[in-house]
Amino acid sequence: MSVAVPAVAVTDLHVRYGAAVALDGVDLRIAPGRVHGLIGMNGSGKSTLFKAMMGLVRARSGDVLLFGGSSDAARRAGRVAYAPQNEAVDWEFPVSVRDVVATGRYGRIGGYRRLRRDDHAAVDAALDRVELTDLADRQIGALSGGQRKRAFVARGLAQEAELLLLDEPFAGVDKRSEATLTALLRDLAAEGRTVLVSTHDIIAVPALCDEVALLNRRIIAQGPVADTLRPELLADAFGGFVPASALGVAA
Ligand SMILES: Nc1ncnc2c1ncn2[C@@H]1O[C@H](COP(=O)(O)OP(=O)(O)O)[C@@H](O)[C@H]1O
Ligand SMILES: [Mg+2]
């Protein structure tokens with residue numbers, strides 16, 4: 001048995017927005033080197049959980065550990081990359097795809113230094129892996145939604161992050177981006193990186209994920225895909241409504 005430190009360990013996490021409870025005692029362990037799905041309907045707390053992992057929302061109580069240390073420490077060390085559901089980016093701003101990916105190197109080189117040869121090489125390699133080399137000089141706002149998601153994943157690769165937190169990377173993306181991302185995330189896990197990806201699209205899960213966690217303000221179930229995407233658990237996670245798309249997946 002592996003005794004590896006979990007990439008993510010969330011314990012009894014409670015988050016509220018005013019009086020509204022968003023997370024109500026979430027416990028989650030994410031083993032390294034796998035693709036994990038975070039599945040839940042709209043409003044189930046997926047984005048809030050990502051933000052809590054990144055220290056972007058304050059928990060009322062509970063703990064988040066990344067690689068056994070604080071979220072702050074993991075972020076400062078560049079070990080975690082986060083692609084938010086709605087990127088807080090001014091899409092009119094004149095930065096290229098390559099510029100966005102290159103920001104993944106800044107933490108490594110410090111604020112005012114110029115990119116060196118190995119930084120440029122890392123950016124090129126990341127662009128290549130997400131199949132955006134041809135669009136590297138395009139303004140970021142001129143990309144499709146799926147291409148932007150790939151650009152943010154490339155930024156995480158350029159950063160050499162060990163943990164990628166991807167909030168709904170498949171929402172509204174084209175088929176090529178979905179296929180490219182799915183294959184890439186599988187490869188990254190095979191290399192030992194850890195991926196946590198939220199989605200409400202259960203159909204996409206078996207091809208993508210090793211494990212899933214069902215979230216409905218708390219974790220309803222967590223485990224291998226086949227054990228977890230079961231009708232009774234999905235009914236719990238989706239508030240009594242099992243989406244028809246789930247029925248083809250859960251035996
Ligand atoms: N900034 C906010 N202020 C108030 N309520 C919020 C805020 N962000 C999210 N919520 C609420 O918290 C709950 C969880 O939201 P969210 O984490 O975005 O879920 P999901 O990503 O699964 O759709 C929802 O009820 C949502 O309306
Ligand atoms: Mg969300």
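I started with Lys46: a polar atom of its side chain lies 2.9 Å from an oxygen atom of ligand 1. I note here that the model is predicted.

I looked next for backbone partners of the ligand. Gly45 has a backbone N or O atom 3.1 Å from an oxygen atom of ligand 1. For Ser44, a polar backbone atom is 3.2 Å from an oxygen atom of ligand 1.

I listed the residues around ligand 1. They are Tyr17, Ala22, Met41, Asn42, Gly43, Ser44, Gly45, Lys46, Ser47 and Thr48. I sorted this shell by residue class and got six polar residues, three nonpolar and one charged.

I turned to the domains. The assignment gives domain 1 as 1-79 + 163-251 and domain 2 as 87-161. I read 24 Å between the C-alpha centres of domain 1 and domain 2. Their contact takes 13 residues from domain 2 and 19 residues from domain 1.

I looked up the buried area as well. Between domain 1 and domain 2 about 1,400 Å² is buried, and carbon and sulfur atoms give 55% of that area. Which residues of domain 1 lose the most area to domain 2? I found Thr180, Leu184 and Arg193, which together make up 29% of what the domain 1 side buries.

Terms used
Residues numbered from 1 in each chain as written. Chains lettered and ligands numbered in written order. Predicted model: local features only at pLDDT ≥ 70, side-chain atom pairs only at ≥ 80, totals over all residues. Heavy atoms only, no water. Near = heavy atom within 4 Å. Polar contact = N/O pair within 3.5 Å; in protein donor to acceptor, adjacent residues only side chain to side chain. Nonpolar A, V, L, I, M, F, W, Y, C, P; charged D, E, K, R; others polar. Domains from an automatic or database assignment. Contact = heavy atoms within 4.5 Å. Buried area = accessible area lost by both parts, 1.4 Å probe.
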